[in-house]
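Visitor: Could you take me closely through one part of this model, the strands and the ligand surroundings that go with them? I would like a connected account, with the terms defined as you go.

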Amino acid sequence: MQVRHNIHPDHAKQFDTAGLRKEFLIEKLFLADDISLTYSHIDRIIVGGVMPVAQTVVLSPELGKQVGVSYLLERRELGLINVGGAGVVTVAGQAYAIGNQEALYIGMGNPDVSFASVDAAQPAKFYLNCAPAHTTYPTRKVTQAEAKPVTLGDNATGNRRTINKYLVPDVLPTCQLVMGLTRLEEGNMWNSMPCHTHERRMEVYFYFDMTENDTVFHFMGEPQETRHLLVHNEQAVLSPSWSIHCGVGTRRYTFIWGMVGENQVFDDMDHIAIRDLR
Ligand SMILES: O=C(O)C(=O)C[C@H](O)C(=O)CO
Ligand SMILES: [Zn+2]
């Protein structure tokens, strides 16, 4: 498990490109028949990917030992969205078929979790966020149809997109984790602009559905000290609560957002007027 530390905004503004990427970008999430996890000290979120191909991949007790318990979900909850081919996640002996862009919430207290693909030629890619939990809420699959959509933006400003809220209080209870997926419409390249911070939650953006020749210029930093990171397909960016998080692509794309922190109030955002950005 890789470990990332908390970064003060006064420190962050000193970083060069390599420094920013080392602290905030997660470059490789999917390894064949393996699980890749990054532990961030920002609200202790774990960000990861599981890509079973020819084998079933398990959440091993060793991962629990790395966070000081006997299995990873002893004191944690986990949310995942599949961005690959059809897959199956088995939790406590119950198999959940998770198709492309379907989600699964796994409650605290589940020692036995495994991941498999239906077809090795089109492996499942489970993108996951995992956070400290205080109680056990039921494990549940959430389909695209069950997610709560909201469409924002305009073609004229290049930010027409649908935010699909999968793991939010309106859909199911979780301890702190909220997750969803935002799909940009054709010809629209801007996400989350006008941008915001949220003092009470950190957030992770995972960009996918991009060609190898496209990129997203992801903007971060305090609103008057912005920096950018060049993000490629299937990479994720950690966003501390002091940082804006928005981006513009060379072509439309889709991204998954996940948040943890003090509250689960989606609209509790500190909006920043575009003219005030620096
Ligand atoms: O397109 C957007 O705008 C988003 O997806 C914004 C995220 O949902 C977000 O940042 C929530 O705080
Ligand atoms: Zn946000």
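Guide: In strand β15 (residues 178-184), the bridge partner of R161 is L184, where strands are DSSP runs of E with at least two residues, numbered from the N terminus. This is a predicted model, in which local features need pLDDT of at least 70 and side-chain atom pairs count only at pLDDT 80 or more, while totals for chains, interfaces and linings use all residues. Residues are numbered from 1 along each chain as its sequence is written, and chains are lettered from A and ligands numbered from 1 in the order in which they are written.

Strand β14 (residues 161-167) is joined to β15 by 6 bridges, and the two run antiparallel; two strands pair if DSSP finds at least two bridges between them. Strand β14 also pairs with strand β13 (residues 148-152), again in the antiparallel sense, over 5 bridges, and there K165 of β14 is the bridge partner of K148. Strand β14 is mostly covered, with 5 of its 7 residues buried, a residue being buried if 20 or more other C-beta atoms lie within 10 Å of its own, exposed if 12 or fewer, and partly exposed in between, with C-beta atoms placed from the backbone.

R161 also belongs to the surroundings of ligand 1, which are made up of R161, I163, T182, N191, S192, H198, E203, H245, W257 and M269; a residue is near a molecule if its C-beta atom, placed from the backbone, lies within 6 Å of it. By class, this shell has 3 nonpolar, 5 polar and 2 charged residues, where Ala, Val, Leu, Ile, Met, Phe, Trp, Tyr, Cys and Pro count as nonpolar, Asp, Glu, Lys and Arg as charged, and the others, Gly among them, as polar.

The UniProt annotation "binding site", from an unreviewed entry, covers H196, H198, E203 and H245; UniProt positions are given in the numbering used here, feature names are shortened, and annotations may be inferred rather than shown by experiment. These four residues span 50 residues in sequence, yet no two of their C-alpha atoms are more than 11.4 Å apart, so they gather at one spot.

Of these, H198 is found in the loop between β17 (196-197) and β18 (201-208), and H198 is buried because 23 other C-beta atoms lie within 10 Å. Not counting residues up to four places away in sequence, H198 touches S241, D268, M269 and D270, contact meaning that the C-beta atoms of two residues, placed from the backbone, lie within 7 Å. E203, in turn, lies in strand β18 and counts as buried, with 25 C-beta neighbours inside 10 Å. With residues up to four places away in sequence again left out, E203 touches S239, H245, W257, G258 and M259.

Definitions and conventions
Helices (H or I, at least four residues) and strands (E, at least two) are DSSP runs, numbered from the N terminus.
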